[in-house]
Amino acid sequence: MSSLTKQDRDQIRTMVEKTWVNACLRSDWNAAIAQCTEDVSYMPADTPMVRGRNELKGFLNDFPQLLEFSQTLLDASGDSSLAAVQATFAGSFTVDGQKLAGSGKVLATATKEDGHWLFSAVCFNWDAPPAPVA
């Protein structure tokens with residue numbers, strides 16, 4: 001297998017920094033899960049792992065409305081069919097009337113299917129618990 005091309009890295013960067021972020025900010029969970037393989041493994045911070053698009057959509061349906069959200073791709077490496085992805089994120093949301101904000105890390109794999117990159121596994125955690133915003 002050949003290594004990732006510039007086009008592969010650009011597609012992965014767009015998926016991480018724009019497509020996923022925009023879908024999440026709109027709470028458009030159908031658009032978010034469309035960026036994942038059918039059997040995606042999603043490992044959110046401090047909660048059990050979910051498997052597959054249907055379980056992921058259920059998890060996302062219960063996620064608080066994001067007020068702000070961004071992700072920055074740090075690295076994507078691999079070959080023409082599988083990539084390891086490292087990113088950071090920052091965001092804010094409201095829980096019980098209180099605005100919380102935080103930042104964290106993402107480690108993911110992406111699989112190329114029919115010429116498109118899709119997340120096949122995602123794990124994220126917070127750098128520290130989200131804190132109230134004054």
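A residue is called buried when its relative accessible area is under 20%, exposed when over 50%, and partly exposed in between, using a 1.4 Å probe and protein chains only. This is a predicted model, so local features need pLDDT of at least 70 and side-chain atom pairs count only at pLDDT 80 or more, while totals for chains, interfaces and linings use all residues. Residues are numbered from 1 along each chain as its sequence is written, and side-chain values use heavy atoms, leaving out hydrogens and water.

Let us start with the aromatic rings. Rings of Phe, Tyr and Trp (its six-membered ring) pair if their centres lie within 6.5 Å; planes under 30 degrees apart are stacked, over 60 edge-to-face, and the rest tilted. Searching the whole structure gives nine aromatic pairs. Two of them are set out here.

| Pair | Centre distance | Plane angle | Kind |
|---|---|---|---|
| Trp20 and Phe119 | 5.7 Å | 85 degrees | edge-to-face |
| Phe59 and Phe63 | 6.1 Å | 50 degrees | tilted |

Trp20 sits in helix H1 (residues 6-25) and Phe119 in strand E6 (residues 116-126), so this pair links distant parts of the chain, 99 residues apart. Helices (H or I, at least four residues) and strands (E, at least two) are DSSP runs, numbered from the N terminus. Trp20 is buried at 6% relative accessible area, and Phe119 is buried with 6% too. Phe63, by contrast, is partly exposed, at 25%. Ring pairs also join Tyr42, Phe59, Phe63, Phe89, Phe93, Phe124 and Trp126 into a cluster.

Now for the helix that holds Trp20. H1 bends by about 40 degrees at Met15, the bend being the angle between axes fitted to the seven residues ending there and the seven starting there. Buried residues of H1 include Ile12, Met15, Val16 and Trp20. Among the elements covering the buried residues of H1 are helix H2 (29-33), strand E1 (36-43) and E6, where contact means heavy atoms within 4.5 Å. After H1 comes Ser27, which has a positive phi near 55 degrees.

Finally, step back to the whole protein. Three helices and seven strands make it up, and from the N terminus on they run α-α-β-β-α-β-β-β-β-β. Its C-alpha trace spans about 50 × 30 × 25 Å along the principal axes. Of the 134 residues, 38% are buried.
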